[in-house]
Amino acid sequence: MKITVFDCEEDETELFHELSPHFGIEPVMTKLPAAKYEHNPELLNACISVGHKSRITGADLLALKESGVKYITTRSIGYDHIDTDAASRLGITVSNTVYSPDGVADYTLMLILMAIRGIKSSILRAEHSDFRLNCHRGKELCDMTVGIIGAGRIGRAVQNRLHGFGCRILLCDQNHGADCIPLCELLQKSDIITLHVPLSADTYHMLGRDQLHCVKRGAFLINTGRGALVDTQELINALEDGRLGGAALDVMEEEEGIFYSDCSHRTIRNPFLPKLQKMPNVIITPHTAYYTDRVLYDTVEITLRNCFEFERRQTHG
């Protein structure tokens, strides 16, 4: 069988070619996003793989359906870049790749430590040979309470890492596990809040004006989930009036077309990013928490396995 792999980087291409023979699959590789397939219609197969960087709308899905696409597997945990409701109506099956949570959990812990030690200011000054200490001393994790919103695989991996630091840990999850507490209570008690829930209609702007007014004054917000989990204008307001002591953001609302691009010689159109970049207590990184060798291997192997299993079900019922 053949699959078409869109949005593919060079190291992904190499690994697809290395692993695909084990599944009896011939991959057709392209750097094009799936929405641009009409320029090369011969690329399409019944099974396609896409990355998280490109949005696939209902109109895109209709065109793909009419071209024979039956199955889409995304090389990401989240589905929010795909109109899954439209896919369901059209009879296109969509699946994800549940890769190792360790890379994102490690990165989250790094951002927590960087935020509470004010490392952005230290690094920026040191790059200009200014080696003075920060105006305010850093904080130690053992003295702090960390609130984890989302007790799935990544949230639990963050929890496991935090145990060694001696901090108090609170959990909030929409599935209401036995060890979870309500969101408002977590916000009121946490010195650090870290987000690990998928983006959906229910979680869009789950931290908005009312929720950010609940936070413990001076708390730090860490987001390695999705940008739209937070109302970014309300986040800016909370940072400016001191309700939040800082933020470390690996994701942003309206990051598409900015993250993964060299924007050093053009104006950034995102309404929030330039203001956040100027804040000394805000760290911005370009949606890179997932970007490890292990996740690359996991996503390629699981993508191939997903397509193999779909084809097997189609053949054998």
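Author: Start with terms. Helices (H or I, at least four residues) and strands (E, at least two) are DSSP runs, numbered from the N terminus. Axes are lines fitted to C-alpha atoms, for helices over the stretch in contact, and angles run from 0 to 180 degrees between N-to-C directions. This is a predicted model, where local features need pLDDT of at least 70, side-chain atom pairs count only at pLDDT 80 or more, and totals for chains, interfaces and linings use all residues. Residues are numbered from 1 along each chain as its sequence is written, and side-chain values use heavy atoms, leaving out hydrogens and water.

Reader: At what angle do α4 and α6 pack?

Author: Two packed helices are described by the angle between their axes and the distance between the axes. Here α4 (residues 102-116) and α6 (residues 153-163) pack at about 50°, with axes 9 Å apart. That makes α4 oblique to α6. Angles under 35 degrees count as roughly parallel, over 145 as roughly antiparallel, 65 to 115 as roughly perpendicular and the rest as oblique.

Reader: Is the crossing of α4 and α6 left-handed or right-handed?

Author: A crossing is left-handed if the near helix is turned anticlockwise from the far one by less than a right angle, and right-handed if clockwise. The α4 and α6 crossing is right-handed.

Reader: Which residues make the contact of α4 with α6?

Author: Contact means heavy atoms within 4.5 Å. From α4 come Asp102, Val104, Ala105, Asp106, Thr108 and Leu109; from α6, Ile154, Ala157, Val158, Arg161 and Leu162.

Reader: At what angle do α1 and α11 pack?

Author: Helix α1 (residues 10-19) and helix α11 (residues 293-316) pack at about 50°, their axes 10 Å apart. The crossing of α1 and α11 is right-handed. Among the contact residues are Leu15 and Phe16 of α1, and Tyr297 and Val300 of α11.

Reader: Now single residues. Is Asp191 buried or exposed?

Author: Buried means under 20% relative accessible area, exposed over 50%, partly exposed in between (1.4 Å probe, protein chains only). Asp191 has 16%, so Asp191 is buried. Asp191 sits in the loop between α7 (183-189) and β8 (192-195).

Reader: What polar contact joins the side chain of Asp191 to another?

Author: A polar contact is a pair of N or O atoms within 3.5 Å; within protein, one must be able to donate a hydrogen and the other to accept it, and residues adjacent in sequence count only if both atoms are side-chain atoms. The side chains of Asp191 and Lys216 are joined by one of 2.9 Å.

Reader: And is Arg89 buried or exposed?

Author: Arg89, in helix α3 (residues 84-90), is exposed at 66% relative accessible area.
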